[in-house]
Amino acid sequence: MHDFPFSNFILANENLLMVLGGVSIITFISSLLIVPWLIVRIPEDYFAFENRPVSPWSHRHTVIRWLGLIGKNLLGLVLVVMGLAMLVLPGQGLLTIFIGTVLLNFPGKYHLERRLVRMGPVWNSINWLRRRAGHSELVMRD
């Protein structure tokens, strides 16, 4: 019988492959639940403006605003990392990266979001999910 290097790798790294498989399954299921939930919560006119709209948190107390900002950015970072992993693992990688990017705060983010959302597959997927959930499609003005 022939000795295949790949089968030796699998046998030598069985625990690692089990952990990666488990992470892949958890990431896939999480993306199926979290991404659509977040997409339907984007205001339909979020991308309709040349400059970013005023934050709904701007009138809140400073401590609340900072806690919300930190929590939102942490969730965004987790989603971007999950999305990057989903580019090679099962899941909605590009969509998850997009939603994570929407939650993060950094200079030029709004213009990057508008550029990303204009990509045909992203735009179509977002609006399909919104229609399916009974929400109106996003509005984009040039």
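## Aromatic pairs

In this predicted model, you'll find two aromatic pairs. Start with tyrosine 46 and phenylalanine 47: their ring centres sit 4.8 Å apart and the planes meet at 90°, so this pair is edge-to-face. Both tyrosine 46 and phenylalanine 47 are buried.

The other pair brings together tyrosine 46 and tyrosine 110. Here the distance is 5.8 Å centre to centre, with 75° between the planes, and this pair is edge-to-face too. What makes it worth a look is where the partners come from: tyrosine 46 lies in the loop between helix 2 and helix 3, while tyrosine 110 belongs to helix 5 (residues 109-117). They are 64 residues apart, so to speak on distant parts of the chain that the pair links.

## How helix 2 meets helix 3

Now for the helices on either side of that loop. Helix 2 covers residues 14-39 and helix 3 covers residues 62-86. They pack at an angle of about 125°, and their axes are 11 Å apart. Helix 2 and helix 3 are therefore oblique to each other, and their crossing is left-handed.

## Who touches whom

On the helix 2 side, the contact is made by Thr27, Ser30, Ser31, Ile34 and Leu38. Helix 3 brings Leu79, Met82 and Met86. Sorted by class, the contact has five nonpolar and three polar residues, and no charged ones.

Key
Residues numbered from 1 in each chain as written. Predicted model: local features only at pLDDT ≥ 70, side-chain atom pairs only at ≥ 80, totals over all residues. Heavy atoms only, no water. Axes fitted to C-alpha atoms, helices over the stretch in contact; angles between N-to-C directions. Helix = DSSP H or I, 4+ residues; strand = E, 2+ residues; numbered from the N terminus. Parallel < 35°, antiparallel > 145°, perpendicular 65-115°, else oblique. Left-handed = near helix turned anticlockwise from the far one by under 90°. Contact = heavy atoms within 4.5 Å. Nonpolar A, V, L, I, M, F, W, Y, C, P; charged D, E, K, R; others polar. Phe/Tyr/Trp six-rings, centres within 6.5 Å; stacked < 30°, edge-to-face > 60°. Buried < 20%, exposed > 50% of the residue type's maximum accessible area, 1.4 Å probe, protein only.
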